[in-house]
Number of protein chains: 4
Amino acid sequence: MTVRVGVIGAGMIGQDHIRRLTEVVTGAAVTAVTDIDAARAAEVAARVGATALPTGADLINSPDVDAVLVTSWGPTHAEHVLNAVAAGKPVFCEKPLATTAEDCLRIVEAERAHGRRLVQVGFMRRFDAGYRQMKEVIASGSLGAPLIVHCAHRNPTVPDGYTSAMAAQDTAVHEIDVLRWLLDDEIVTAQVITPCATSKRFEHLKDPQIMYFETANGVRIDLEVFVNCQYGYDIQCETVGEEGLVRLPDPAAVGVRTAGRHGTAVLQDWKGRFVDAFDTEFREWINAIASGTGPTGPSAWDGYAATVITDAAVRSLESDGTVVTVDMKPRPACYGGTA
Amino acid sequence: MTVRVGVIGAGMIGQDHIRRLTEVVTGAAVTAVTDIDAARAAEVAARVGATALPTGADLINSPDVDAVLVTSWGPTHAEHVLNAVAAGKPVFCEKPLATTAEDCLRIVEAERAHGRRLVQVGFMRRFDAGYRQMKEVIASGSLGAPLIVHCAHRNPTVPDGYTSAMAAQDTAVHEIDVLRWLLDDEIVTAQVITPCATSKRFEHLKDPQIMYFETANGVRIDLEVFVNCQYGYDIQCETVGEEGLVRLPDPAAVGVRTAGRHGTAVLQDWKGRFVDAFDTEFREWINAIASGTGPTGPSAWDGYAATVITDAAVRSLESDGTVVTVDMKPRPACYGGTA
Amino acid sequence: MTVRVGVIGAGMIGQDHIRRLTEVVTGAAVTAVTDIDAARAAEVAARVGATALPTGADLINSPDVDAVLVTSWGPTHAEHVLNAVAAGKPVFCEKPLATTAEDCLRIVEAERAHGRRLVQVGFMRRFDAGYRQMKEVIASGSLGAPLIVHCAHRNPTVPDGYTSAMAAQDTAVHEIDVLRWLLDDEIVTAQVITPCATSKRFEHLKDPQIMYFETANGVRIDLEVFVNCQYGYDIQCETVGEEGLVRLPDPAAVGVRTAGRHGTAVLQDWKGRFVDAFDTEFREWINAIASGTGPTGPSAWDGYAATVITDAAVRSLESDGTVVTVDMKPRPACYGGTA
Amino acid sequence: MTVRVGVIGAGMIGQDHIRRLTEVVTGAAVTAVTDIDAARAAEVAARVGATALPTGADLINSPDVDAVLVTSWGPTHAEHVLNAVAAGKPVFCEKPLATTAEDCLRIVEAERAHGRRLVQVGFMRRFDAGYRQMKEVIASGSLGAPLIVHCAHRNPTVPDGYTSAMAAQDTAVHEIDVLRWLLDDEIVTAQVITPCATSKRFEHLKDPQIMYFETANGVRIDLEVFVNCQYGYDIQCETVGEEGLVRLPDPAAVGVRTAGRHGTAVLQDWKGRFVDAFDTEFREWINAIASGTGPTGPSAWDGYAATVITDAAVRSLESDGTVVTVDMKPRPACYGGTA
């Protein structure tokens, strides 16, 4: 059975996922596309033999659409996801699930009312081989209880439009999600500290930032977010447990010795770093829909949690680094697990 | 356009490639299956909605088959490939292209007569990301001319049926192919040396073996083949040039510190090591057929060369390690390049 | 010229340094030993042909003593160092310089009054090859201004007598000193956070602890102190600058592949980790005295600064992790530099 | 007790060892120096308070000399060593022990006649921490019997005077000695192969060379000698056993990430690579003499064996790479062990 996907939002990320669904992942077809720019929707749809539709609502309700992919502008996510849930169709929503915690909660509520999971949020790190190996090691218990996690998230540069709050909202949000999942634990406080800023960024931006999180089980997380580090795209994560530690590998790359140096290339781009994770994310999503099990990736609740924690971090940033308690609603039983 | 593939040989490797063509690679469908065991053909065909056909010839000539995949028993390869070429259909043949140099040459001749490439041989290492990075570094000239290549090919164990000659024919053949391509150079002599044998192998088997190859340009290659090394599946390759060297990375894996050791897992299986290479190999093959460019991977000539070089290595093994000159016919112009 | 050293305190560390001065470092002789346990002093002195003297004051004033090494119980350090300064003799004092900031300041004052440096404090990391390489990289400016430092200091276990305050006083103090020197910057705030404690420690102990420091230039330091980490003795340090980072290497050790793992041994002991640094520390100290240049290693001021910063960290620990401002006197000009 | 050393040969290496004996190693003094250039002898002697003597014989027989260090021109080694043995004094001879196998044997004979070991040959790799760890791993039996050793010995460049034969005599001789010791096995054949020569060397020189050795136990060794590799001084060694392998580490060095690369420095010089080995070599030699146990490092027999094996390699080089059997006399029982 081929899963017929309708795509809302045909911008760069939407087009990349359309390529993924049509050229990389088997078992899927893109049958409908919509975009605020109708011409773009038409053009992108034509490329893959899909129909361009005027609105998200049209697309969601189209009989040719089995599942919905939301890659439109963030503020529109909630509406499309709610419509999809109302239509009873599986929906994959790129992060964020919604731009406010309240809207996330409305989606959680709608899904709970619907009775089974329909929503998956686009946190791709859970599909990365390194993080999966790390989770396996932690879950095996061979390191004892986890106590501390050290992380770094570095980009070579960001464009002018990137704001200080986006360090939490757009960048750290990936660690926030993956750490909740890795540790099977919930984040309860957030704090954001600003070292001396690099001179190599736009004047308005606080960069780097250091974020500290505490979990319900007392695990302490430190996360360096440095989005103008110049040298490359670099993701580090080390979990320290009672009897040992586990560390994410650097991506495999040939080693070269020349002119007095042994060196390996550092990636410049998140796409290269997580291309396999994206592919796996969509492969598993399509398989889950095709097999009728429903989505198994990050849930609406995870989308809500990420937003609430991100909000806490931004509040800390805006109040000179005070420790902010994460104000999260009780987790509905239907979402299972702890985090 | 979907490329309709017919598969000759529904054993383990055939089934794995059928899974790949139907579940991993987009743009392909398996429409016909044949096997010496008709029941197995029927069963495997049924799983993917293909038709089971009685013979390879039937399959090749079926109007529902655009391209042929040969994964049957080695001695049957030549016949199927020749039939496919006669039918003017693209054919992917798992290694070996044929079991004798003569049969390989017949295929080369047939393809030359046909006028354009139809045949691709299943040497997957050319599709491995590490080897591709290595080739890029060598081709960039930043290391100067290559002079020496050090390789190791280790398996944890092999079954009883594995013979001493298979160290060249089944194991080293992968390095033979990938090094010709890496260096863009031809192998002209082969020598096989047998150190003290490990006690951890079947009595009849000479293991490990060390193979030395010399290329037309004077590059010297040493290759350790050790198929009962116990500890894991481990592929090493280092190319030394006039100004530096480049080394294949170990597969990325989490590092774990516990009980006085820092460790990473070593793979146990070639499938894990080269799964991405296999996927890329078929993705590119299908794309090449769909786009009409014809196959771009290892050619019939490469299959012939690998067989001739392998034969030389076996002859050296059987004559106590004498240096054996590779007796290769002149390379037809239509195959381009050097190696 | 042989430097004749008198040693105050013949316990484990004193004996190890006596071995170093007599068997490892050239140009030195141990001529006098004193200890609160006269019998031990006599025994240790006899081993190296030195004279056992009843008190530190006797030793300091002995005409056979050119330079003094203080390795006695911490609370006695100040008195011996002050006496040595009064006698105008070079004195090497194992950490801490004194147990209170006030006593440290008295030494600083005495040295200043004396007019030139006589005191060196036993912070050996400044003599470690890895830290020296790191300092060179930072000082070269190739990374731009340093912004963040990530550190870990892990011991496999500690004895029952180890208290929560000792995590700062005995353990983190090494990072405190070496980071001031690495960055050529002063620490201005300290904060100590306690994650969930490991179950593998004595009940009274808060372990691990995470320490955050801020410098005058706005560099943020995070330091994990984990003294019952079980797996080994492990020192990590990474300095992130505006254009890149530099990371301390793990000690060189053979790599072993066996039974599905690639592994290297992790040291179990600080002595193995820093043996070369200790040797270099004493070699340079003896050379500096012999050549008449006076000590060039960590100064009395550095001993004072380490104590004041350590005090701030302990105060933070005891007040539930509040940020404590380091209350440091102005740096006397005679100590040069920034930190 | 201070060991009084007389040094024959005050050139670069002699002066470096004099520095080592006077500034690095305790328990030694240099009391006499001789050199073919009397003025140089006088100058070097004056620096360390030693007496300049006219000849090696004078020095060896001086009552102020307990032990002799031979660092003169190679062809004079045999005479000085024989004189020292005749005088019953411990003698450390820089490699080679003698320039011919015959002269080496005369020394072996003289020492045997003397009744106990007096001679140590300057193969410093046995004192390198990495090789010692490797030997420990091999000797532990955890890898099973060793089967294969892969080595590389690379220098950035060599001066014009370096000849093709020196690749064996001066360069590979270090591996020849250390491998006999590592494996506790004897080398029985040698073969030297010349790949395409690098364009970056003097015209007369065959560089790189690949050497193959076989041991009495059937272990196969391959050794790349590449003395104009441009990029650095790089020593590699990997021993493959029946159940796993052990690999020499690269020297510890800080890792730097900048401008899209993760890199570490490669050493440019053998002195930096083996400085600790040299120090340990002399420390142990002096301690062995002081304690009366006699030298425990490489023996006259090892010096003989290295010369015989080196001769075989040169013969192979000069006969187009034929396999040359090592013509070694039976090992006198007094030298113990196997190799």
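Guide: UniProt positions are given here in the numbering used for this structure, and its annotations may be inferred rather than shown by experiment. The model itself is predicted. With that understood, the UniProt record, an unreviewed entry, places the feature "domain: Gfo/Idh/MocA-like oxidoreductase C-terminal" at residues 135-323 of chain A. Over this stretch the chain is 34% helix and 27% strand, and its end C-alpha atoms lie 28 Å apart. The same record, again as an unreviewed entry, places "domain: Gfo/Idh/MocA-like oxidoreductase N-terminal" at residues 3-123 of chain A.

We may now turn to the contact itself. Chain A is superposed on chain C by a rotation of 180 degrees with 0.0 Å of shift along the axis, at an RMSD of 0.0 Å. The two copies are thus related as by a two-fold rotation axis. Of the interface residues of chain A, 100% are also interface residues in chain C, so the copies meet through the same surface.

Each partner's share can be stated: 33 residues come from chain A and 33 residues from chain C. Between them the two chains bury about 2,700 Å², and carbon and sulfur atoms give 58% of that area. On the side of chain A, the residues that lose the most area to chain C are A:L147, A:R220 and A:E242, which together account for 20% of what that side buries.

The interface also holds polar and charged pairings. Eight residue pairs are in polar contact across it, both residues being at pLDDT 80 or more, and four salt bridges are found. In one salt bridge the side chains of A:K200 and C:E243 meet, with 3.7 Å from N to O. The elements of chain A that give two or more residues to this side are β7 (146-154), β9 (209-215), β10 (220-226), β11 (234-241) and β12 (244-247). The residues of that side divide into 14 nonpolar, 10 polar and nine charged.

For its surroundings, consider the contact of chain A with chain B. There, 29 residues of chain B touch 29 residues of chain A, and about 2,000 Å² is buried, 53% of it on carbon and sulfur atoms. In chain B, the residues losing the most area to chain A are B:T26, B:V254 and B:R257, together 28% of what that side buries. Zero salt bridges are found across this interface, while 10 residue pairs are in polar contact, both residues at pLDDT 80 or more.

Notes. Residues are numbered from 1 along each chain as its sequence is written. Chains are lettered from A and ligands numbered from 1 in the order in which they are written. This is a predicted model: local features need pLDDT of at least 70, side-chain atom pairs count only at pLDDT 80 or more; totals for chains, interfaces and linings use all residues. Side-chain values use heavy atoms; hydrogens and water are left out. Helices (H or I, at least four residues) and strands (E, at least two) are DSSP runs, numbered from the N terminus. Copies are superposed by least squares on the C-alpha atoms of residues with pLDDT of at least 70 in both. Contact means heavy atoms within 4.5 Å. Buried area is the accessible area (1.4 Å probe) that two parts lose on being put together, summed over both. A polar contact is a pair of N or O atoms within 3.5 Å; within protein, one must be able to donate a hydrogen and the other to accept it, and residues adjacent in sequence count only if both atoms are side-chain atoms. Ala, Val, Leu, Ile, Met, Phe, Trp, Tyr, Cys and Pro count as nonpolar, Asp, Glu, Lys and Arg as charged, and the others, Gly among them, as polar.
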